[in-house]
Each structure stands twice: as C-alpha cells, then as structure tokens.
Amino acid sequence: MAEPVVRIPDAKVALSTASVYPESTATAFEIAARLGYDGVEVMVWTDPVSQDIEALRRLSDYHQVPILAIHAPCLLITQRVWSTDPWTKLQRAQSAAEKLGASTVVVHPPFRWQRQYARDFVTGIWRMANETDVRFAVENMYPWRYRDREMLAYAPDWDVTKDDYRHFTIDLSHTATARTDALQMIDRMSDRLGHVHLADGNGSNKDEHLVPGRGTQPCAELLERLALSGFDGHVVIEVNTRRAMSSAEREADLAEALAFTRLHLASAVRVPRS
C-alpha cells in the first residue's frame, strides 16, 4: 500500500521589497529576516538604496537575508532610474544580480511607445541571456482598461507566452487584471517558468496585488502544481500593503502571505511502503 508523505520543492520563498511600500527597501530586509523569508527580491525604483549595490550588500549581510532576484526598473515611475535607455537598465540589473549573488532578473515587456526597444526585445533578451548565468525572466502583463476602453500598452504582447523567451515570470495579480486563466498560462510556459510573483486579484481594472487567498486567482492550485513538478525557481510575495493602518498590520499581512505560500508548496504525494 502507498502512504502519504509531504514533498517540499527546492523553491525559495522571497519577499519583494515592493511589498512594504511606502516603507523603505531597508525595512523590507528587516521584515524578511524577522518573519523567516528565504530572501528578498529587490525592486529597483526611486528609493536610492534600491539602486545602490553596496548599500544592498550591506543590508543583506547585516540581516543575513540573501538577495535572490533583481526586478529591473521597468515601471512608468522608474523611467529615469539607471538611465533612460532600457538596454542600459537591463545591463545594470544583470551586473547587480551577478555582484549580489541573485539568480534572476525580472523584466517587463516594453511599453508599446518604446518602438525600437520593442522591435529588438525578444532577440535582445536572448542575446543577454546567452552571456550570463543570470536568468532573464520576462513577466506577463495585462491590457490597460478605462471604463469600456482597452489599450494594449505592451509590445510585442502583454501575454509573454506568445513570444519565445528562455524564462518566464508569472504574476497572478496580472493574470487577474488581464482576466486570463493562470493555470493555462503556466501550462504554456511549461518548463520555462522560472519565477513566480505570488499575489491575488479579483479581475478589476486595477492591478490589485492582494494577499494570496483574498481574491479569485488559483494561488493555492498553482503552488501545489509547482510542488508536484519539483519547481526550483523562486516564489516571490509581491503584494500591496499601502492600505495597512500600521507597520504591525503590514507585517501581519506579509506573515499571512508567507504562511499561505509555505502551506501550499508542501504537497502530499503517495509513495509505496518499503
């Protein structure tokens, strides 16, 4: 007879520094250490510490929290961070990852108005990926909507599975906003799924980044699939805690997200008795 055992994949659970906004990058390291996260993903944005490799190294060493991933500055508010040239941004993200021991750079597809960058993006990402051991994991996005209007803001496409990349990031808040099936998307990504941004959403026009379990996305099912497949990438909690009324409430949300993730990454499988 077979008996159930718990199998836990090698995937590490990290905290995105974006999850503590409007608190600082430094605060994210402190919370990650206190709650027992396996590491952090650094969102490079307007906080000067997030852009400073030596400052990040000192934080990592002080809190004994490894930096597992670098999120390149791809947002509208970071258009001038680390240069206005998008390829320079990616080169600097790669260099930061290599110097800090991070295995992954997360990158969004270009905005549609970045025409030259968008035209060369797929081949350029392959070229950069061939020059380093760092994974460039391209993240799914979503159409922008206002009332009954929809704008395709990303090129070649917000659905990154329509193009050929070596590694993908799936973001479940983005699948909610796009109103697409997250489990079908990871099926299309297959073994090229290298990175997960775990959050939830209810399918509104806003990119909600709810704590996992508070929306309609199949967060638990996705984690269980990762456990069964032996996923060895990173699962990053990237949630919005801006509405938290206090630091204690923010930390409680991040503790809940970590507990949810660890619970569903532990998959029961049946093995024959010896």
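Modeller: Helices (H or I, at least four residues) and strands (E, at least two) are DSSP runs, numbered from the N terminus. On that basis, residues 29-262 are 38% helix and 17% strand, with the end C-alpha atoms 19 Å apart. The model is predicted, so local features need pLDDT of at least 70 and side-chain atom pairs pLDDT 80 or more, whereas totals for chains, interfaces and linings use all residues. Residues are numbered from 1 along each chain as its sequence is written, and side-chain values use heavy atoms, without hydrogens or water.

Biologist: What name does UniProt give to residues 29-262?

Modeller: The unreviewed UniProt entry places "domain: Xylose isomerase-like TIM barrel" there; such annotations may be inferred rather than shown by experiment.

Biologist: How do you know that the span of α8 agrees with its 19 residues?

Modeller: The expected span is 1.5 Å times one less than the number of residues. For α8 this gives 27 Å, and the end C-alpha atoms are 27 Å apart, so the two agree.

Biologist: Which residues of α8 are buried?

Modeller: Buried means under 20% relative accessible area, with a 1.4 Å probe and protein chains only. The buried residues of α8 include R250, E251, D253, L254 and F260.

Biologist: Why is C74 called buried, and why C219?

Modeller: C74 has 14% relative accessibility and therefore counts as buried; C219, at 1%, counts as buried too.

Biologist: How many disulfides does the structure hold?

Modeller: A disulfide requires two cysteine sulfur atoms within 2.5 Å, and the structure holds 0.

Biologist: What makes up the lining of the largest pocket, by class?

Modeller: A pocket is an open set of points on a 1 Å grid over the protein atoms alone, where a 1.4 Å probe fits, with protein on both sides within 12 Å along at least five of seven lines; lining residues have an atom within 4 Å of a point. The largest pocket is lined by 36 residues, with D207, E208, H209, N240 and R242 nearest its centre. The elements giving two or more residues to this lining are β7 (144-146), α5 (172-178) and α8 (247-265). By class, the lining has 17 nonpolar, 8 polar and 11 charged residues. The volume of the largest pocket is about 1200 Å³.

Biologist: Which element gives the most to the lining of the second largest pocket?

Modeller: That element is α7, with 3 residues. The second largest pocket holds about 220 Å³ of space, and 14 residues line it, S190, D191, L193, S229 and F231 being nearest its centre.

Terms used. Grid points are joined across faces, edges and corners, and a volume is the space filled by probe spheres set on the points. Ala, Val, Leu, Ile, Met, Phe, Trp, Tyr, Cys and Pro count as nonpolar, Asp, Glu, Lys and Arg as charged, and the others, Gly among them, as polar. Buried means under 20% relative accessible area, exposed over 50%, partly exposed in between (1.4 Å probe, protein chains only).
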